[in-house]
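Keep the viewer open as you read.

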Amino acid sequence: DWIEKDGFMPLPPYIKRDYKNVDESINQVDKERYQTVFAAKAGSVAAPTAALHFDTKLKEELVGAGCDFADVTLHVGAGTFLPVSSDNIEEHKMHSEVFTIPQTTSTKIAQAKKNKTPIIAVGTTSLRALESFQKLGACPDEWNETDLFIYPEKDGEKFKPWCADAIMTNFHQPGSTLFLLISALIGRKETLELYKAAIQKEYRFLSYGDSS
């Protein structure tokens, strides 16, 4: 009750807000804009920002075109956005987060894989929750804790996700674990080329940025 009454939306630090002097209407706008159409359970300290590219109308259009949606819940922690602080990537310790994969989602994944239907993860956090689910041998509908860190382990060897065939994601800050996850998926050289093109074309980065 206190958080709902006196708290503020935990926006990324580069979105400058002096909440002691900000008008309540602005705080209300932040609460609406920094929330995805898929949000259902309170618990994250940050939005899974790739999902901010969807609104109700787009979701309905995609369903009408034959797409299906399946929910995952990952309570994103502040550690997700911390830069890698160690010179040796293997020494970086991820802060743990909690997640759950509903039985309905587990069933949909199994059916999609059986039918060879492409599965697209919306965001690095969604992909991380799915990979953690498989690696931990977790049961559907149960809450689990994960500190999974996905990064390029060998030059030229790409990470093969258990579930997702593709991913939608924002452009992330170089030096972040999120950037490393994308590098693991498509290769470091390819990721740097993609980001170079994004900079040349003046794409926007981070939470309210462009999608890739």
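In this predicted model, the side chains of Lys108 and Asp68 meet in a salt bridge, with N and O 3.3 Å apart. Lys108 belongs to helix H4 (residues 103-114) and Asp68 to the loop between H3 and S1, so the pair ties together parts that are 40 residues apart in sequence. Lys108 is partly exposed, at 36% relative accessible area, whereas Asp68 is exposed, at 58%.

In helix H3 (residues 56-64), Glu61 and Lys57 sit four residues apart, about one turn of the helix, and their closest N and O atoms are 2.6 Å apart. Helix H7 (residues 188-200) holds Glu193 and Lys189, also four residues apart; here the closest N and O atoms are 2.9 Å apart. Glu193 is partly exposed at 45%, while Lys189 is exposed at 58%.

Now for the strands. S2 (residues 97-100) runs antiparallel to S1 (residues 73-75), joined by three bridges, with Val98 as the partner of His75. Three bridges also join S2 to the antiparallel strand S4 (residues 144-146), where Thr146 stands opposite Glu97.

Helices H5 (124-135) and H6 (177-186) each supply at least two lining residues. By class, the lining has seven nonpolar, four polar and two charged residues.

Methods. Residues numbered from 1 in each chain as written. Predicted model: local features only at pLDDT ≥ 70, side-chain atom pairs only at ≥ 80, totals over all residues. Heavy atoms only, no water. Pairing = 2+ DSSP bridges. Nonpolar A, V, L, I, M, F, W, Y, C, P; charged D, E, K, R; others polar. Salt bridge = Lys/Arg side-chain N within 4 Å of Asp/Glu carboxyl O. Buried < 20%, exposed > 50% of the residue type's maximum accessible area, 1.4 Å probe, protein only.
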